[in-house]
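I opened this model to look up its pockets. My notes follow.

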Amino acid sequence: ASHSVDGLGGPVTAVAATGTRFTAATGAGALRTWALNDAAVQTSSPAGVAPRTTLAWSPDGLTLAAGGPTGQLDIIDADGGLRRSLRDAGAIAGLDWSPAGDRLISATSSGVTVWRGRRAQRISFDGDAASVAWSPDDQRVAVGQSDGNVAVLSTRRGWPTVAALQGHAGPAPAAAWGPTGDTLLTGGADGDVRTWDARSGALRA
């Protein structure tokens, strides 16, 4: 069955789904969550807070992360209650949780930040970050950059860059791993979607 939902009161800037619900946000900061099976509204918060342009549900579906251009990062419970509000180093362009849900990574104009609760670890590498995606094996993080490059970072101590992929003529604001972690997909402002062999770094298509 398909459902149509409305009532956010402004242009939708981000969507995210978990096993039983999905959430949409507006640039004015409004959030609304619906049940996947019948589109019944579960939680709703009005506009007026910081703009929210990227969302990510934790793997267990109990926590929603919301960020945007002001650098404000909100951690929200499944019932819609604000658990904590954090401040990142720059505008937040992307969010993703580790497979275990114990860490959150944010892509910002200043690079990437790994969050464990309130504790922030800034990861240094060349360039800014336009997107971020945590691999399903928890071993790597892909970071799309505004210059079109994609950095693959190891999650081991120091977060070293293990691959630098070049394939986009403009910013790379989208990245996603295949279910086995062997394939990485990236999308660019140049209109191209690239498929990479995540082990060798070779461009497949």
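I sorted the lining of the largest pocket first. Its residues divide into eight nonpolar, eight polar and four charged. I counted Ala, Val, Leu, Ile, Met, Phe, Trp, Tyr, Cys and Pro as nonpolar, Asp, Glu, Lys and Arg as charged, and the others, Gly among them, as polar.

The model is predicted: local features need pLDDT of at least 70, side-chain atom pairs count only at pLDDT 80 or more, and totals for chains, interfaces and linings use all residues. Numbering runs from 1 along each chain as its sequence is written, and side-chain values use heavy atoms, without hydrogens and water.

Strands here are DSSP runs (E, at least two residues), numbered from the N terminus. Which strand gives the most? Strand 7 does, with four residues. The space in this pocket is about 200 Å³, as filled by probe spheres set on points joined across faces, edges and corners.

I turned to the second largest pocket, of about 160 Å³. Among its 18 lining residues, Thr63, Arg84, Trp97, Gly101 and Asp102 are the closest to its centre. Strand 7, strand 8 and strand 11 (111–116) each give two or more residues. Strand 8 gives the most, with three. This lining divides into eight nonpolar, four polar and six charged residues.

How values were computed. On a 1 Å grid over the protein atoms alone, a cavity is a set of points where a 1.4 Å probe fits but cannot get out, and a pocket is an open set with protein on both sides within 12 Å along at least five of seven lines; lining residues have an atom within 4 Å of a point.
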